[in-house]
Amino acid sequence: MIRGIRPLLRGSTYSGVLFAYCGALASLPLLPFAMVPALAWPSAPYGAQAVLTLLVWAALIGVAGLARTTRRMLIASARRLLRVPLPDPVATRQPASSPGTGPTPSVRAPAAEPTPAVPCGVDPWRTPLWLLLHVALGWVGLLVSGVLFLAGLTLPVGWLRAEAGLSLFGWSVRAKSGWQSWAVALGCVLLAAAVCVVVTHALRWSAPRLLGPSSAERLALAAERELRLAERNRLAHELHDSIGHTLTATTIQAAVAGEVLSADPVAARAALRSIEESARAALEDLDYVLGVLREQEAETAPTRTLADLPELLDRLRHAGAVVEPELSGDLAQVQGTLSRAAYRILQEGLTNALRHGAGGPIEVRVAAAPDGLELSVVNRTGAGNSTGPGAFPTSGHGLPGLAERVRLLHGEIEAGPDGPRRWRLAVRLPVRLSA
């Protein structure tokens, strides 16, 4: 008995009953329009007119449920009054292009992070069916509980000459005045409360199934989450490559500037200018990444391409490194995603060479061919100078990040020893000619 009464004490039951009754009353403005066909057929039997009116009424309610605004209002009211956790409907949208995308290149690779198609829309029948169920349960609850409550109020005191009775197969029983009428009145009130509980629970059970995400919306939500994770992963790679390289280069350049400040002021000033340029570029990347992570309107993403490779090599020379570049092929034809990825791969390879190199020249090779782009960075390894392995603590994300970037471009990567005390990073990226 206590378990049966406990749901009545919950606020969600009262608000759920209010939600059901409001749905019933909200359908009343459509009733006059539903009666027009029946009034236009006056010779029809009363039963046929009633059925026709109900069918037209249901059709009008269903049409009202097709509106997207109706669905949003129903979801909001169900969350507030039924206390059902329902997500907002997924809006129809076209997948946005990746930031920093430039004009169509003449030579390009497959997109590093392809944008998945976002299925949109919902099953059109679900919201009208929910609205019909909402209105039907609301009217049933309103009429049945209203009659039962009225009986419970009038029977004990004999208002309106009310009298309770039950007839079944010719056998009838009538409650006389006194304790019998009070018992029947209490039963009517409890039945009315039970009807309210049943209506509320029926609406709470059906709301997630009809107003909740459909299979298309679940796919859309999953695709949207995948897009966000892919974008954050891309930003993490960009930030690691840019900031990691800048900190490594500026640390070495600052050490070089301090050593030659008295003996060669010109070289010291050049190193300081390189530090300034590197820090400014890293700040641009950092501002963009932070803006995206805060979900603000970000400006165009700062892009670094193979066209910026000479500047990158100059910064290494200012840091005291000896760089031996070997460039072949028409690098100007490499644009877009492939050019940006190639720059970041070389930047990470050169950063590792600065961190773990043991002096000697750093060999950089870039070869552009019609069917692929080959990149390699070779340096000496070992300890014994200020740029040895112990000088710069690393996170261990560099090579795994490179491998993932190359994999997304359907390329090949090799990283490891290349003879005695030499380390070689080699990457081959496929390209395809644009139509």
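What we are looking at is a predicted model, in which local features need pLDDT of at least 70 and side-chain atom pairs count only at pLDDT 80 or more, while totals for chains, interfaces and linings use all residues. Residues are numbered from 1 along each chain as its sequence is written, and side-chain values use heavy atoms, with hydrogens and water left out.

Let me start with the salt bridges, where a side-chain nitrogen of Lys or Arg lies within 4 Å of a carboxyl oxygen of Asp or Glu; a search of the whole structure finds eight. One of them joins R428 and E374 at 3.9 Å, N to O, and because R428 lies in strand β8 (residues 422-430) and E374 in strand β6 (residues 372-380), this pair ties together parts that are 54 residues apart in sequence. Strands here are DSSP runs of E with at least two residues, and helices are runs of H or I with at least four, numbered from the N terminus. Both R428 and E374 also belong to a salt-bridge network with E326, R365 and D371.

Turning to the helices, α11 (residues 309-318) and α12 (residues 336-356) pack at about 10°, with axes 11 Å apart, the axes being lines fitted to C-alpha atoms over the stretch in contact and the angles running from 0 to 180 degrees between N-to-C directions. They are therefore roughly parallel, a term for angles under 35 degrees.

Finally, L143 in helix α7 (residues 126-154) is exposed at 51% relative accessible area, where exposed means over 50%, buried under 20% and partly exposed in between, with a 1.4 Å probe and protein chains only.

Key:
Angles under 35 degrees count as roughly parallel, over 145 as roughly antiparallel, 65 to 115 as roughly perpendicular and the rest as oblique.
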